[in-house]
Amino acid sequence: MTLGYYLTLDQSILFNNNFSDTFKITGTCYTDINKTVAFNLTGYTLTLRFYREGGTSDYYNQTATITVAASGTFEEAVTDGTLPIEGLYLIDLVLSKSGTQLSNLNRVEMLIKRGPD
């Protein structure tokens with residue numbers, strides 16, 4: 001058993017002042033490095049976290065919602081004031097359930113741009 005999974009986000013650039021009920025960060029978790037087999041998310045709690053290169057501070061830390069567990073898909077609605085300041089962030093989607101905590105094994109980046117005021 002691999003102690004982790006591989007993550008793909010559907011967005012790689014966001015404006016930090018953009019938000020709405022329908023604006024969501026979405027993605028898929030996979031069991032393999034080639035991203036061909038979905039990771040089943042049944043029973044997991046998902047926490048989406050943003051970090052800076054070499055740092056340990058978490059700049060986002062929001063609970064994501066499983067879209068289709070068997071397909072490994074999730075979403076996280078972006079609300080007012082939740083996105084951090086502009087910059088390049090490393091993304092970690094932490095999957096947790098009783099006795100288990102997993103992080104993505106691959107490097108995933110998100111560029112946050114300064115949005116319109």
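How many salt bridges does a search of the whole structure find? The search finds 4, where a salt bridge means a side-chain nitrogen of Lys or Arg within 4 Å of a carboxyl oxygen of Asp or Glu. Before we look at them, keep in mind that this is a predicted model, in which local features need pLDDT of at least 70 and side-chain atom pairs count only at pLDDT 80 or more, while totals for chains, interfaces and linings use all residues. Residues are numbered from 1 along each chain as its sequence is written, and side-chain values use heavy atoms, with hydrogens and water left out.

Let's start with Lys 24 and Glu 75, a salt bridge whose closest N and O atoms are 3.1 Å apart. This pair links distant parts of the chain: Lys 24 sits in strand β3 (residues 24–30) and Glu 75 in strand β6 (residues 73–77), 51 residues apart. Strands here are DSSP runs (E, at least two residues), numbered from the N terminus. Lys 24 has a relative accessibility of 27%, so it counts as partly exposed. That label covers everything between buried (under 20% relative accessible area) and exposed (over 50%), using a 1.4 Å probe and protein chains only. Glu 75, at 25%, is partly exposed too.

Next, find Arg 49, which forms a salt bridge with Asp 58, the closest N and O atoms being 3.3 Å apart. Arg 49 is partly exposed at 24%, and Asp 58 is partly exposed at 26%. Within it, Arg 107 and Glu 109 have their closest N and O atoms 2.8 Å apart.

Now look at strand β4 (residues 45–51), which is mostly covered, with 5 of its 7 residues buried. It runs antiparallel to β7, and 7 bridges join the two; strands pair if DSSP finds at least two bridges between them. Here Thr 47 stands opposite Val 94. β4 also runs antiparallel to strand β5 (residues 62–68), joined by 3 bridges, and Leu 48 stands opposite Gln 62 there.

Together with Ile 13 and Leu 111, Leu 88 forms a nonpolar surface patch with about 240 Å² of accessible area. Areas like this come from the Shrake-Rupley method with a 1.4 Å probe; for residues, only the protein chains shown count as cover. Patches are made of residues with over 30% relative accessible area and no salt bridge, joining like charges within 9 Å and nonpolar side chains (Val, Leu, Ile, Met, Phe, Trp, Tyr) within 5 Å. Leu 88 itself is partly exposed, at 41%.

Methods: Helix = DSSP H or I, 4+ residues; strand = E, 2+ residues; numbered from the N terminus.
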